[in-house]
Amino acid sequence: MNALLKTLRTAPLSARIGMALIAAYAVVALLAPLLAPYPEAAIVGAKYLPWSAEHWLGTDMLGRDVLSRMIYGARNTVGIALLTTLLAFALGAGTGLLAATLGGWFETTSSRLVDVLMAVPSLIFALLILTIAGTSVVALVLVIAVLDSTRVFRLSRAVAQGILTMDYIEVARMRGEGLGWIIRREVLPNASAPLIAEFGLRFCFVFLFISALSFLGLGLQPPTADWGSMVRESAKLIAFANFSSWQAATFGLAPLLPAGAIALLTVAVNLVVDWVLHLSSGLKE
Amino acid sequence: MILKLVLRRFAIGALTLLVVSALIFWAVELLPGDIASEVLGQSATPETLAAFRERNGLTDPAMLRYLHWLGGALTGDFGLSLANQRPIAELIGQRVANTFFLAGYAAVIAVPLAIGLGLLAALYRGSALDRFISTSTLAVISFPEFFVAYILILLFSAWLGWFPSLATVSPGMGLGARLYATFLPALTMVLIVMAHMMRMTRAAIVNLLALPYIEMAQLKGLRRWRVIAVHALPNAVAPIFTVVALNLAYLIVGVVLVEVVFVYPGLGQLLVDSVAKRDMTVVQAACLIFAATYIVLNLLADVLGIVSNPRLLHPR
């Protein structure tokens, strides 16, 4: 714990900004019911109100408070992206490490399967599966987790293959340690740095992917507040933006606010990932 | 040697395409129940179900239908749309052309610009331009496509009023009007793919600059641009070609979101609409076209990488 704090203190400014932003998003997501002035899906005023003291960011096409929906959106969008990334990681890193350690037919079959899945852009595959399974949150999470686990599989297999040639693995094998022990106690600790950095990158990708699907109307379904769907719902407003008064100009910002919230979080995660990558490459020297 | 490598890569590409087409076809077979009852709903009588199956050729065994579908797809005949019973070829014909037009438009701007700026960045390493390029790469990989698109709309359409925010095109439109109407979607895609290409061009050149023969050229007193353009660039062509082809492949996918933002009548828009309507056959056709383009461009990237590698031309 102390060592972790010491490392955090050496973080450059960019990584600190990234971590502060991620912490802010986490607080908003966790405390959403306390922070939001109105409930998630309640109609609280007239349609399309401009920004005012009562509704800081105005209201949407049904008269729901935009600020409240932004705050609940943090919880829904980020929460589901995090869940999907965790699932993709469990699946991809699990099979990847197993494939590298076991070798043989398991490695051949799983690698060929991953090759096929990666030969087609994930968006195309996701759209195909969502047509068949219908648009539900469970289908969305499962589809994206499976598609995204292919990249984790490739990385963890490559990293594990490098580690498995080490002498200490051979010693452990000769000692008669089981498969589970070798993966858990020898391979995993040594593979953690690149895997942590990859987790950040995968999270960004999954988060953008879910937002894109929601934006297309195929991700999270209303009335759940979610940034991707909010961009879609308010997109028409941009045509009515004029710059005669600042209140009229806010209509132009309507789709940019949720889209900007998405962009800011991915930038923040990338800033931290850059630092972690730098750190892990520096420690190897 | 080089021919063998290229042929081998072609064979792998063809095999991948076959497997992916099978996957696209068989995925629909996983559907609980069958397509007929899915489309016609719970209230359909057995007679209407039978008639629907007959008309759409659903009575044959699945393997036969797959071969029939694949054969049709190769000749441009994708069967009937489930939603409105019109031939799919008729629905997608103009849209495929529109999509490739937009992607091509973006590529024609993005590729020379990215390579040129990448060269400049390599030439003036550590300069303001160089720093700008590495920052913009971070921004672009972090921003969702629709964020870039809406910023451009707000700036160039709502505020300045220079370009239309909706890319409406009709078949009879002249080239100039068409280029004007699709400028904002094309610009969005240029911004999305350019950063990566610039960065890779710069990296390819910078990698070479550390080599002894470049040092030799510098010691001879050659000008800096000559060292880069004549000595370094020919050896960097292979990785640059590869990254260009990979980004064009990405362009084909990114076009789906951009088309939706700008309400552009392309294949991506049709795909998204058909997913929402659960029009299976149209989704299959569109997915196959997107997947095939993607696979072919990846194939092209690899083949160009092999062909432009000078070491493979003179086997020892």
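## Cavities in a predicted model

A cavity is a set of grid points where a 1.4 Å probe fits but cannot get out, and its lining residues have an atom within 4 Å of a point. The model described here is predicted. It holds 4 cavities of 30 Å³ or more.

## The second largest cavity

The second largest cavity has a volume of about 40 Å³. Its lining consists of S122(A), I144(A), L147(A), D148(A), R151(A), F205(A) and F209(A). Two helices of chain A, α7 and α9 (179–215), each give at least two residues to this lining. The largest share, 4 residues, is from α7(A). Sorted by class, the lining of the second largest cavity has 4 nonpolar, 1 polar and 2 charged residues.

## Helices α6 and α7

Helix α7(A) also packs against a neighbour. The axes of α6 (residues 122–133) and α7 (residues 137–164) of chain A come within 10 Å and cross at roughly 150°. Because angles over 145 degrees count as roughly antiparallel, α6(A) is roughly antiparallel to α7(A). Their crossing is right-handed.

On the α6(A) side, the contact is made by S122(A), F125(A), A126(A), I129(A), L130(A) and A133(A). On the α7(A) side, A139(A), L140(A), V143(A), L147(A) and R151(A) take part. The contact of α6(A) with α7(A) counts 9 nonpolar, 1 polar and 1 charged residues. S122(A), L147(A) and R151(A) belong to this contact and also line the second largest cavity.

## The largest cavity

How much space lies in the largest cavity? The volume is about 250 Å³. This cavity is lined by 20 residues. Nearest its centre lie T59(A), V66(A), S234(A), L237(A) and A254(A). In chain A, the elements that give two or more residues to this lining are α4 (66–102), α10 (227–234) and α11 (246–253). By class, the lining of the largest cavity has 13 nonpolar, 4 polar and 3 charged residues.

## The second largest pocket

The second largest pocket holds about 640 Å³ of space. It is lined by 25 residues, with I22(A), F199(A), G200(A), V269(A) and V272(A) closest to its centre.

Which helix gives the most to the lining of this pocket? It is α12(A), with 7 residues. In chain A, α1 (2–9), α2 (13–30), α4, α9 and α12 (256–284) each supply at least two lining residues. Helix α4 of chain A also contributes to the largest cavity, and α9 of chain A to the second largest cavity. By class, the lining of the second largest pocket has 21 nonpolar, 3 polar and 1 charged residues.

Conventions. Residues are numbered from 1 along each chain as its sequence is written. Chains are lettered from A and ligands numbered from 1 in the order in which they are written. This is a predicted model: local features need pLDDT of at least 70, side-chain atom pairs count only at pLDDT 80 or more; totals for chains, interfaces and linings use all residues. Side-chain values use heavy atoms; hydrogens and water are left out. Axes are lines fitted to C-alpha atoms, for helices over the stretch in contact, and angles run from 0 to 180 degrees between N-to-C directions. Angles under 35 degrees count as roughly parallel, over 145 as roughly antiparallel, 65 to 115 as roughly perpendicular and the rest as oblique. A crossing is left-handed if the near helix is turned anticlockwise from the far one by less than a right angle, and right-handed if clockwise. Contact means heavy atoms within 4.5 Å. Ala, Val, Leu, Ile, Met, Phe, Trp, Tyr, Cys and Pro count as nonpolar, Asp, Glu, Lys and Arg as charged, and the others, Gly among them, as polar. On a 1 Å grid over the protein atoms alone, a cavity is a set of points where a 1.4 Å probe fits but cannot get out, and a pocket is an open set with protein on both sides within 12 Å along at least five of seven lines; lining residues have an atom within 4 Å of a point. Grid points are joined across faces, edges and corners, and a volume is the space filled by probe spheres set on the points.
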